[in-house]
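Some words used for protein structures rest on plain cut-offs.

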Amino acid sequence: MEIRQWLRAAVAELAQSESPKRDAEILLGFVTGKSRSAIIAFDDAVISAPQLAQLDTLLTRRARGEPIAYLTGEREFWSLPLRVSPETLIPRPDTERLVELALATLPNVAACVLDLGTGTGAVALAIASERSDCRVTGVDRIAGAVALAEENARRLGLNNATFLCSNWFAALEGQRFTLIVSNPPYIDRDDRHLCEGDVRFEPRSALVADEQGLADIRFIATQADKYLLSGGWLMFEHGWQQGEQVRDIMKKNNFVQVATFTDYGGNDRVTCAQKTFSKE
């Protein structure tokens with residue numbers, strides 16, 4: 001079968017996808033090793049029988065809604081190619097706002113950064129890639145996620161990022177950071193969006209939190225003071241309707257300079273706050 005014939009059939013099978021043509025091209029490139037430009041330019045090339053068999057399997061899985069990132073095992077974030085797995089969330093473009101704000105807040109001198117609930121290591125590695133002078137620590141309670149983040153760091157050659165298995169701050173006693181960032185679970189367990197799109201296949205433990213999605217944010221905010229240096233910053237990614245509640249949590253825990261920033265769609269997405277400077 002020629003590439004163009006397979007693409008035509010694949011696009012029809014993926015009609016329910018938001019981007020059937022792009023999905024089909026990604027799968028074809030993954031299996032054949034061809035770039036998108038090569039696929040377009042040489043669409044009369046013949047796909048081998050073993051490749052067709054692999055494509056049929058992947059196409060069926062994608063038609064059932066399984067995320068492209070899980071099918072190919074990779075997703076780009078901050079221009080970094082990251083390995084992903086069903087044990088981790090799939091990095092999303094809006095989370096790059098958390099990285100942007102972290103980089104804008106860090107001082108122009110070496111600093112220590114903590115990423116809580118690191119998953120693939122996306123946020124930690126993005127910061128590490130931009131600030132080679134900083135030491136970035138990522139923690140996750142899922143051992144498989146920690147191993148994946150370590151693999152991503154090795155593949156990217158980022159030696160200033162380390163990863164630990166830890167339930168939030170549990171393995172960090174006595175450590176202090178200039179900046180703590182987190183994209184924690186923040187979806188309410190009854191949220192209808194859990195039955196839609198890619199999140200149907202992502203780990204619930206990385207998505208859902210009690211107390212209308214605020215339990216983990218509240219816990220981190222109550223504990224962060226002990227792990228921040230004087231004048232240090234705490235930053236959360238959160239749901240688009242949670243900005244006011246997260247600001248209130250920050251203020252109740254004596255943080256100052258509390259502010260919420262929007263994502264690329266104009267929705268509240270990241271709230272930042274500073275620990276007060278000590279009087280010593």
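Q: What makes Gln257 count as buried or exposed?
A: Its relative accessibility is 56%. Buried means under 20% relative accessible area, exposed over 50%, and partly exposed in between, with a 1.4 Å probe and protein chains only. Gln257 therefore counts as exposed. Bear in mind that this is a predicted model, where local features need pLDDT of at least 70, side-chain atom pairs count only at pLDDT 80 or more, and totals for chains, interfaces and linings use all residues. Residues are numbered from 1 along each chain as its sequence is written, and side-chain values use heavy atoms, leaving out hydrogens and water.

Q: Where is Gln257, and what is its phi?
A: Gln257 lies in strand S8, residues 256-262. Strands (E, at least two residues) and helices (H or I, at least four) are DSSP runs, numbered from the N terminus. The phi of Gln257 is near 55°, a positive value in a residue other than glycine.

Q: How do you know whether Trp168 is buried or exposed?
A: Trp168 has a relative accessible area of 12%, so Trp168 is buried. This residue is found in the loop between strand S5 (161-165) and strand S6 (177-182). Trp168 also has a positive phi, about 55°, although it is not a glycine.

Q: Why are the buried residues of H1 said to be on the same side?
A: In helix H1 (residues 3-13), the buried residues are Ile3, Trp6, Leu7 and Ala10. They cover an arc of only 100° around the axis, which puts them on the same side of H1. The arc is that of the directions from the helix axis to the C-beta atoms. An α-helix has 3.6 residues a turn, so residues three or four places apart point the same way.

Q: Which exposed residues does the other face of H1 carry?
A: The face turned away from the buried side of H1 carries Arg8 and Ala12.

Q: What do the buried residues of H1 pack against?
A: They pack against helix H2 (20-32), helix H3 (36-41) and helix H4 (49-63). Contact here means heavy atoms within 4.5 Å.

Q: Why are H1 and H2 called oblique?
A: H1 and H2 pack at an angle of about 130°, with their axes 9 Å apart. Angles under 35 degrees count as roughly parallel, over 145 as roughly antiparallel, 65 to 115 as roughly perpendicular and the rest as oblique. H1 and H2 are therefore oblique to each other. Their contact is made by Ile3, Trp6, Leu7, Ala10 and Val11 of H1 and Pro20, Lys21, Ala24, Glu25 and Leu28 of H2.

Q: What makes H1 and H4 roughly parallel or oblique?
A: The axes of H1 and H4 cross at roughly 20° and come within 10 Å. That makes H1 roughly parallel to H4. On the H1 side, the contact is made by Trp6, Ala10 and Glu13. On the H4 side, Leu52, Leu55, Asp56, Leu59, Thr60 and Ala63 take part.

Q: What are the angle and axis distance for H2 and H4?
A: H2 and H4 pack at about 145°, with their axes 10 Å apart. Among the residues in this contact are Leu27 and Leu28 of H2 and Leu55 and Leu58 of H4.

Q: Which residues of helix H10 are buried?
A: In H10 (residues 215-223), they are Ala215, Asp216, Ile217, Ile220 and Ala221. What covers them includes S6 and helix H11 (243-252).

Notes. Axes are lines fitted to C-alpha atoms, for helices over the stretch in contact, and angles run from 0 to 180 degrees between N-to-C directions.
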